[in-house]
Amino acid sequence: MSDQTVGTQSFGRTVKAYVALTKPRVLELLLVSTVPVMFLAQGGLPDMWLVLATVIGGSLSAGSAAAFNMYLDRDIDAHMHRTENRPLVTGEITPRGALIFSWTLAILSTVWLLATTNWLTAALSAGAIFFYVVIYTMILKRRTEQNIVWGGIAGCFPVLIGWSAVTGSLDWPAFILFLLIFLWTPPHYWPLSMKYRDDYEDVDVPMLGVTRNASQVGLQVILYAWATVACSLLLVPIANMGLVYTVSALVFGGWFIYESHRLYNQAVRGTEPRPMRVFHASITYLTLIFVAVAVDPLLPF
């Protein structure tokens, strides 16, 4: 094998490692929660260049936050099965390289959004990075079982970013969707903490799945699932949503609640709970709700 081929493969692996720092699967949720809100804010089809610019800036911002998170959590990531293959743990990227990469993405995202959207959108993007890195990762994550509740606020910013990119301001529908994601985050993440309870316990991270038993976690998941669905229905009168969104909120919300009750019942009966079923259901639920948010303004009913 030639030195050129080896060099190409090495470069390719390095690029792949830096992409992994941005947590690409989280970026998918960013797209799900940003673009549909832009349709709602516009009341129809938004300018496609503005959508692209916002997605690029938002992706850089979310990638920066994720990379900072991996840099700060590299000590515990090395001891968790779920994270043991992250590039800072395997040594494919140095801590210094990750830190430079994180700051570069943060600066680029802010400058890009300032140049292509408006100052409010750029400020919200920077605020999301700060909240995820400082408030969640540095302050809350290792100190309280409520870490994901308040730290999850960082994941709510994309709806505000999408709305402000179109309107240059914020309004009640954006705040309702912000609250929806805030309430959705615990029943989305706590089942994951049940699945990886031993991992979090080994590194002394007090996720709810570690500090409470399965039935207590299941009950909390139920309460937050009901609150999420109730919040989703608030959008109907506040944003004058039509039939597509209303039916979607009821049907998919009912399914999400059903899966939450199922997890709780398994825990109470002493059978082996299947938390990842709720985890995956929560992702599907949020995706379908936001698809309905995008489609509803395009239809006359």
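1. Two residues are in contact here when they have heavy atoms within 4.5 Å of each other. Helices (H or I, at least four residues) and strands (E, at least two) are DSSP runs, numbered from the N terminus. With that in hand, look at helices α13 and α15: Val221, Thr228, Val229, Ser232 and Leu235 in α13 meet Val278, Tyr285 and Val293 in α15. By class, this contact holds six nonpolar, two polar and no charged residues. For that count, Ala, Val, Leu, Ile, Met, Phe, Trp, Tyr, Cys and Pro are nonpolar, Asp, Glu, Lys and Arg are charged, and the others, Gly among them, are polar.

2. A quick word on what you're looking at. This is a predicted model, in which local features need pLDDT of at least 70 and side-chain atom pairs count only at pLDDT 80 or more, while totals for chains, interfaces and linings use all residues. Residues are numbered from 1 along each chain as its sequence is written, and side-chain values use heavy atoms, with hydrogens and water left out.

3. How are α13 and α15 arranged? Two packed helices are described by the angle between their axes and the distance between the axes. Axes are lines fitted to C-alpha atoms, for helices over the stretch in contact, and angles run from 0 to 180 degrees between N-to-C directions. Helix α15 (residues 275-295) packs on α13 at an angle of about 5°, with the axes 12 Å apart. So α13 is roughly parallel to α15; angles under 35 degrees count as roughly parallel, over 145 as roughly antiparallel, 65 to 115 as roughly perpendicular and the rest as oblique.

4. Now compare another pair. Helix α7 (residues 119-140) and helix α9 (residues 157-167) have axes that come within 9 Å and cross at roughly 170°. That makes α7 roughly antiparallel to α9. On the α7 side you'll find Leu120, Thr121, Leu124, Ser125, Gly127, Ala128 and Phe131, which meet Phe157, Leu160, Ile161, Ser164 and Ala165 of α9. Sorted by class, the α7 and α9 contact has eight nonpolar, four polar and no charged residues.

5. Which residues touch the most other members of the largest nonpolar core? They are Leu177, Leu235, Tyr245 and Phe290, in a core of 61 residues. A nonpolar core is a set of buried Ala, Val, Leu, Ile, Met, Phe, Trp, Tyr and Cys residues joined through side-chain atoms within 4.5 Å. Buried means under 20% relative accessible area, exposed over 50%, and partly exposed in between (1.4 Å probe, protein chains only). Helix α10 (residues 172-195) gives the largest share of this core, with 13 residues. Leaving aside neighbours within four places in sequence, Leu177 is in contact with Val37, Leu40, Val159, Leu235, Phe290 and Val293.

6. Back to Ser232, which lies in helix α13 (residues 214-238). Is Ser232 buried or exposed? Ser232 is buried, at 0% relative accessible area. Beyond its neighbours within four places in sequence, Ser232 contacts Leu180, Tyr245, Ala249 and Tyr285.

7. How many disulfides are there? The count is zero, taking a disulfide as a pair of cysteine sulfur atoms within 2.5 Å. Cys156 is buried at 0% relative accessibility, and Cys231 is buried at 3%. Cys231 is found in helix α13 and touches Ile176, Leu179, Leu180 and Leu183, not counting residues up to four places away in sequence.

8. Leu30 sits in helix α2 and is buried at 11% relative accessibility. The C-alpha atoms of Leu30 and Pro158 are separated by 6.4 Å, although the two residues are 128 residues apart along the chain. Not counting residues up to four places away in sequence, Leu30 touches Gly58, Ser59, Ala62 and Pro158.

9. Finally, two loop residues to check by eye. Lys23 has a positive phi of about 50° although it is not a glycine; Lys23 is in the loop between α1 (3-21) and α2 (24-42) and is buried at 15% relative accessibility. Asp204 also has a positive phi, near 60°, and is a residue other than glycine. Asp204 lies in the loop between α11 (197-202) and α12 (208-211), and counts as exposed at 61% relative accessibility.
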